[in-house]
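Dear colleague,

Please find the structure below.

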Amino acid sequence: MALAAPSSSSTAVSSSGFSRLVSSAEPKAPSIGLFRVSEKSHVSSRILSLSQRRCSVNSINAEPPRKDSIVPLAASTVAPEVVEKEEEDYEKLAGDLGNASPLEIIDKALEKFGNDIAIAFSGAEDVALIEYAHLTGRPFRVFSLDTGRLNPETYRFFDEVEKHYGIRIEYMFPDTIEVQALVRNKGLFSFYEDGHQECCRVRKVRPLRRALKGLRAWITGQRKDQSPGTRSEVPVVQVDPVFEGMDGGIGSLVKWNPVANVKGHDVWNFLRTMNVPVNSLHSQGYISIGCEPCTRPVLPGQHEREGRWWWEDAKAKECGLHKGNLKQELNGNGNGVAQANDTAEVVDIFNTQNVVSLTRNGIENLANLENRKDPWIVVLYAPWCRFCQGMEDSYVELAEKLAGSGVKVGKFRADGEQKEYAKSELQLGSFPTILFFPKHSTRPIKYPSENRDVNSLMAFVNALR
């Protein structure tokens, strides 16, 4: 983030990795991109406590800007008197703003937090947030997470947005050592096998955590209609239940979701009306845009999140940035999917008399039969996998509906020692994998969709039996 050049009489103040310029004369307002803060700061030359509410410009990242004019903190300083502010009831504020427009909500957020709030920009339709902030006429900050695996179109879009609004996006990057360890140990595409959570944690969640430690509030583009089963209760403003702000501790960060109550098509009507630049990937069928290996176009009629992590459960398509807004967790493991070779004692799943538990010999015999008496549908699973747990009710209901129909329903635990066999002989790519064994074919047919609700599974069976 750009700071106004300090005068010769200015003194640098540094604390916990953040650098601030304090002038002995009347200080100049800091500039943000090409905007300039309109309110004058009346901070004295004494050191600012990190818990003080009235603070000068904070860098969004943990490292201070390297400028020759920045000098080390003086050995002896005097802390100013801390001005206590009345606690805001954000639940009440969310109710008061429930019917407010995104423009009104963002204006309120920027007015309240000034330079201690920033817009989280992903390079997709959330560019609407930047347009709304621009329309308020207030100065604003924008940051983005560069995972190192974004599409080329997204990087070009970042540059276009910066030029269009005359701002500088504050980029956050993953830790080099962590990325190196992940890739060396598990390869470049391990998320296709054991879930995307570990990669997202390294490349997105931890950089976000560092960014938010330099803020008191942030603005996101979450909408209630974005993801089935996870974002339907997003409020327009809340105390962030997961991440911490500059003052530290849960409750030290406020999260604003100005378009929470806005439908996706209304966001796009706004972008077209205001002639806002958009990511060129949208014209290629992409709606929800993330990292290149985990994003693909969607077909007409498909939900926008079906283009993200398509090999995983449709109700678990979150990277962890908005974990606090999930309507429900599929299990208690906040770290996401367990290791693929995890064979620790866990409670088994799909336990019903209508689902046959197959042993290694049983699945081998079934796979080798050329003429089966009955067709089979079999799930290759791991009981610790939260995506398998997430489809348990649907699969059990499917088994009940198929009871007595001539189609057998089975399960085969394919983790641990069985994983290599399942990968080489049963087309296992990730958990869960669902196979249909026809009556007169030795080769099973793999279920191609990530929609594992009972109606989708039944349609798959009916199309093949």
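Predicted model: local features only at pLDDT ≥ 70, side-chain atom pairs only at ≥ 80, totals over all residues.

Glutamate 178 is partly exposed, with a relative accessible area of 28%; here buried means under 20% relative accessible area, exposed over 50%, and partly exposed in between, with a 1.4 Å probe and protein chains only. Its salt-bridge partner is arginine 206, and the closest N and O atoms of the two are 3.3 Å apart. A salt bridge is a side-chain nitrogen of Lys or Arg within 4 Å of a carboxyl oxygen of Asp or Glu. Because arginine 206 lies in helix α7 and glutamate 178 in helix α5 (residues 176-186), the pair ties together parts that are 28 residues apart in sequence. Arginine 206 is also partly exposed, at a relative accessible area of 36%.

Residues are numbered from 1 along each chain as its sequence is written, and side-chain values use heavy atoms, with hydrogens and water left out. Helices (H or I, at least four residues) and strands (E, at least two) are DSSP runs, numbered from the N terminus.

**Further salt bridges**

A search of the whole structure finds 15 salt bridges. One of them joins lysine 213 and glutamate 244, at 3.4 Å from N to O. This pair links distant parts of the chain, with lysine 213 in the loop between α7 and β8 and glutamate 244 in the loop between β9 and β10, 31 residues apart. Lysine 213 counts as partly exposed at 31% relative accessibility, and glutamate 244 is partly exposed at 29%.

Another salt bridge pairs aspartate 159 with lysine 163, their closest N and O atoms being 3.1 Å apart. Both residues lie in helix α4, four residues apart, or about one turn of the helix. Aspartate 159 is partly exposed at 36% relative accessibility, whereas lysine 163 is exposed at 64%.

**Helix α4**

Helix α4 (residues 152-165) has 14 residues and spans 21 Å from its first C-alpha to its last, close to the 20 Å expected at 1.5 Å a residue; the expected span is 1.5 Å times one less than the number of residues. Its buried residues are Glu153, Thr154, Phe157, Phe158, Val161, Glu162 and Tyr165. Just after α4, glycine 166 takes a positive phi of about 65 degrees.

**The six-stranded sheet**

Six strands form an open sheet with mixed pairing, in the order β7-β6-β5-β8-β10-β9; two strands pair if DSSP finds at least two bridges between them. The edge strands are β7 (170-172) and β9 (237-239), each of which pairs on one side only. From one strand to the next, the twist averages 25 degrees. Strand β6 (residues 142-145) runs parallel to β7 and is joined to it by three bridges, and phenylalanine 143 stands opposite glutamate 170 in β7. Helix α7 (residues 197-212) lies across β6, β7 and β8 (217-219), running at about 155 degrees to β6. Axes are lines fitted to C-alpha atoms, for helices over the stretch in contact, and angles run from 0 to 180 degrees between N-to-C directions.

**The five-stranded sheet**

An open sheet of five strands, also of mixed pairing, has the order β11-β13-β12-β14-β15. Since β11 (356-357) and β15 (445-446) stand at the edges, each with a single partner strand, one side of each is left without a neighbour in the sheet. Strand β14 (residues 433-437) is antiparallel to β15, with two bridges between them, and leucine 435 stands opposite lysine 446 in β15. Helix α13 (residues 454-464) packs on this sheet, touching β12 (376-381), β14 and β15, and its direction makes about 25 degrees with that of β14.

**Buried residues**

The largest nonpolar core has 43 residues, of which Phe121, Ile130 and Trp256 touch the most other members. A nonpolar core is a set of buried Ala, Val, Leu, Ile, Met, Phe, Trp, Tyr and Cys residues joined through side-chain atoms within 4.5 Å. Helix α3 gives the most to this core, with six residues. Apart from it lies another core, of 42 residues, among them Val355, Trp376, Ala399 and Val461.

Phenylalanine 350, in the loop between α8 (264-273) and β11, is buried, with a relative accessible area of 0%. Beyond its neighbours within four places in sequence, its contacts (heavy atoms within 4.5 Å) include Val355, Val379, Tyr381 and Lys411.

Yours sincerely
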